[in-house]
Amino acid sequence: MTAIRLEGVSKRFGAHQAVDDLSMVVERGSIFGFIGPNGSGKSTTLRMILHILHADAGVIEVLGESGRRAANDRVGYLPEERGLYRKMTVRRVLAYYGGLKGMSARRAGEAADRWLAKLELSEWSKKKVETLSKGMQQKVQFIATVIADPELVILDEPFSGLDPVNLEVLREVILELRRKGTTVIFSTHDMTKAQEMSDSICMIFRGQKVLDGTIDEIQASYGADTVRLRIDGGLKSLGSLDGIDAMRDFGQFQEVRTERDPQELLRALLDIGAVHHFEVTQPSLHDIFVRIAGPAAEELARG
Amino acid sequence: MDKIFRVARNEYLNVVRTKAFLFSVFLMPVLMFGAIGVQAYLQDKVDVDDRTFAVVDGTGALFTSIERAARARNEAATKDGKQTRSYFTPVRADGDTAALSDQVRKGKIFAYIRIPQDAIERTGEIAYHSQSPTYRDLAKWIQQVLVSEIRKQRIAAAGLDPALVRRLNERPMLRSYGLAERTESGGVKKAQRVNQAQTYMIPVAAMFLLFMLVMTSAPLLLNNVLEEKMQRIAEILVSSVSPFELFLGKLVGMVFVSWTLSILYLGGVAFLAHRFGFSSAIPPSLYAWFLFFQLLALFIFGSIFSAFGAAASEIRDAQSMMMPAMILVMMPMFVMGPVLNNPNSGFAVAVSLIPFATPFLLLLRIAIPPGPATWEIVAGVAGSMAFTLMIVWVASRIFRVGILAQGQTPSFRKMLAWVVSK
């Protein structure tokens, strides 16, 4: 069962080709990471899935519906830039958002109370939004996204700007949604986050898909050619070694990609200096992305 | 449809529940009627500065009368031992205008007048000198005293009986009536006195009230839409409702806010009309017309303001875009005078058929008996409704793109491109 199916979707803004012939499939009940550097067309794609923007070409099918907006009441959306009515009370804002998704006033009110209790905001229910701290407002925004019990939740850069506490809250909400069978699609430029949470991903760069599949599939196809290590002298000491394709410094440890036999590499390293850590591993999504998109993408991907 | 209603309901409650709304309910009547009252009150009560003025009486026969009149006025200006108006005190002076002018400059006297020698025999000029040309009370009072005094002395000099002169001077009264009508039984129904309230006060008040309601309600939408855009609420909303539903919901919500106000005011008017027995002067259909034209005007100007709110990216831009629309709202007020003067002239018919002005000017003309011809009402309403639909469509197209566009506020040309874009 697919939750979302895109086929040959394109969108152009003036001279800028934002999305170019994109096809992808999101399975129901999965957590799907939509990744790529800033400005690569993620938000545009998500907006097209919601029919906020209309695709210039291609087919978009959401929860089995390909008509405009037909499925929107069953979709919850958290945009990247998110705001709330500052002068309304928390409960009224939530009930209103629920109502716009077609909930009755009573059901929306009840759902608001339930969620507020769950995220420990009950005492703020009657307060105006503007009196809430930024962190609390972020929680209210999550609730607004899921209040109508959507089958599909679309989160655009949900982790940006969150404090560590809310990051954890959001992670739990997402995992709980999956347990209930909700499909979650989120976009992020943070590859580590994507790798941690998603079942499958789609990687997009300059409007074009560069990679998709489950995390396991992707990593398996790139093999275990990555070594994570920590040695005296760090990256500098590695300069003299042969057969190193790429190096990346994480400060506390370094990652190298190599065609050499790992055991042989270890021996060579021991000749240089003390080795504190040595681990043969699969490449990270970030590395895979850089390999595909080329070194030019490296800067963007870090952004 | 359901979602439009939900948006409208939220918009309505958001406005009506605020203290500002409650305040504005009372503010408008205060503005409309209070301002006149307050001004009249202040003019009389606040200015109690005494004014001494010099009189250069060339005739030698008028000063005593001026003095007597001033005394009478000053006595009348004292109520319950409290001074309610300025006291005027005349002093006799010789004709040295330079010295008198200096005294005015130094504040010793407020003004001086020069009455020529032959003022009683010949009608000439009496000069009033002051350095406060905007203060008219003293000059007006002197004029009135001198006219009556000089006239009295002329009558006496001619040896006439003052009572006879008064009778000869009585003015015949011209009264306005409508037309006589034939009754069904073949008789003739006598013409009705023209009711000044009906011909002037009611149409003017109706149009003015409509104008005030549009001016206070429609710009609310601009701020409201702009706020949703700037606070980034709009994107969440349009993921649940289509931009058109959002746009229409807001418009409908605002119409209901405005209707709430007008029902309160019209209810008040109807109550007062009933209480003070002039309800026959306001035909019930006029209330219905008012609400109908209010709906049209709000849809027209509400659409324009929402589109601007959606297109702008900051308050300052929105306000400069608002100016042209404001001129359209005010245009009917500019031509109110000529239309009132001749409500069936070609000019009046033409301006009341300009679609955006129709709600105001057709209302005005309907309120003036006997009202415009049926075809004019039909054409006006049809034209205005067609225009309303068109402007709602155009504005909703701009709204649809603008509400999600960030960055620079577009030019009017760019907005037109949005209208036709896919």
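**Figure 1. B:Arg232 in the predicted model, in the loop between helix H7 (196-230) and helix H8 (234-240) of chain B.** B:Arg232 is partly exposed in this predicted model, with a relative accessible area of 24%. The backbone of B:Arg232 has a positive phi of about 60 degrees, although the residue is not a glycine. The side chain of B:Arg232 meets that of A:Glu81 in a salt bridge, with an N to O distance of 3.0 Å. Between chain B and chain A, the count of salt bridges is three.

**Figure 2. The contact between chain B and chain A.** Chain B contributes 22 residues to the contact, and chain A contributes 26 residues. The size of an interface is often given as the accessible area lost when the parts come together. For chain B and chain A, the buried area is about 2,400 Å², and carbon and sulfur atoms give 51% of that area. B:Arg6, B:Glu235 and B:Ile236 supply 25% of the area that chain B buries against chain A, more than any other three residues.

**Figure 3. Helix H16 (residues 412-420) of chain B and its buried residues.** The buried residues of this helix are B:Met415, B:Trp418 and B:Val419. Seen down the axis of H16(B), these residues fall within an arc of 105 degrees, so they line one face of the helix. They pack against helix H10 (284-311), helix H11 (315-334) and helix H15 (374-402) of chain B. On the face of H16(B) turned away from the buried side are the exposed residues B:Arg413, B:Leu416 and B:Val420.

**Figure 4. The salt bridge between B:Arg365 and B:Glu376.** The closest N and O atoms of B:Arg365 and B:Glu376 are 2.4 Å apart. B:Arg365 belongs to helix H14 (residues 358-367) of chain B and B:Glu376 to helix H15 of chain B, so the pair ties together parts that are eleven residues apart in sequence. B:Arg365 is buried, with a relative accessible area of 1%. B:Glu376 also counts as buried, at 8% relative accessibility. The loop between H14 and H15 of chain B contains B:Pro370. A cis peptide bond joins B:Pro369 and B:Pro370, with omega at about 5 degrees.

Figure 5. A:Arg5 lies in strand S1 (residues 2-13) of chain A and A:Glu61 in strand S4 (residues 57-62) of chain A, so the pair ties together parts that are 56 residues apart in sequence. A:Arg5 is partly exposed, with a relative accessible area of 23%. A:Arg74 is partly exposed, at a relative accessible area of 25%. A:Glu65 is likewise partly exposed, at 32%. Salt bridges that share partners join A:Arg28, A:Glu65, A:Arg74 and A:Glu151 into one network. Over all chains, the count comes to 30 salt bridges.

**Figure 6. A:His51 in the loop between helix H1 (42-49) and S4 of chain A.** A:His51 has a positive phi of about 60 degrees, although this residue is not a glycine. A:His51 counts as buried, at 10% relative accessibility.

**Figure 7. The surroundings of A:Asp232 in chain A.** A:Asp232 is found in the loop between strand S10 (226-231) and helix H8 (235-238) of chain A. At 42% relative accessibility, A:Asp232 counts as partly exposed. Leaving aside residues up to four places away in sequence, A:Asp232 touches A:Ser237, A:Ala274 and A:His276. A:Asp232 and A:Gly273 are 41 residues apart in sequence, and their C-alpha atoms are 5.9 Å apart in space.

**Figure 8. Confidence along chain A.** Chain A averages a pLDDT of 86, and 97% of its residues score at least 70. Within chain A, confidence is highest in strand S6 (residues 152-156), at 94, and lowest in helix H11 (residues 296-302), at a mean of 56. Where pLDDT is low, the predicted coordinates should not be read in detail.

How values were computed: Residues are numbered from 1 along each chain as its sequence is written. Chains are lettered from A and ligands numbered from 1 in the order in which they are written. This is a predicted model: local features need pLDDT of at least 70, side-chain atom pairs count only at pLDDT 80 or more; totals for chains, interfaces and linings use all residues. Side-chain values use heavy atoms; hydrogens and water are left out. pLDDT is the predictor's confidence in each residue, from 0 to 100. Helices (H or I, at least four residues) and strands (E, at least two) are DSSP runs, numbered from the N terminus. Buried means under 20% relative accessible area, exposed over 50%, partly exposed in between (1.4 Å probe, protein chains only). The arc is that of the directions from the helix axis to the C-beta atoms. Contact means heavy atoms within 4.5 Å. A salt bridge is a side-chain nitrogen of Lys or Arg within 4 Å of a carboxyl oxygen of Asp or Glu. Buried area is the accessible area (1.4 Å probe) that two parts lose on being put together, summed over both.
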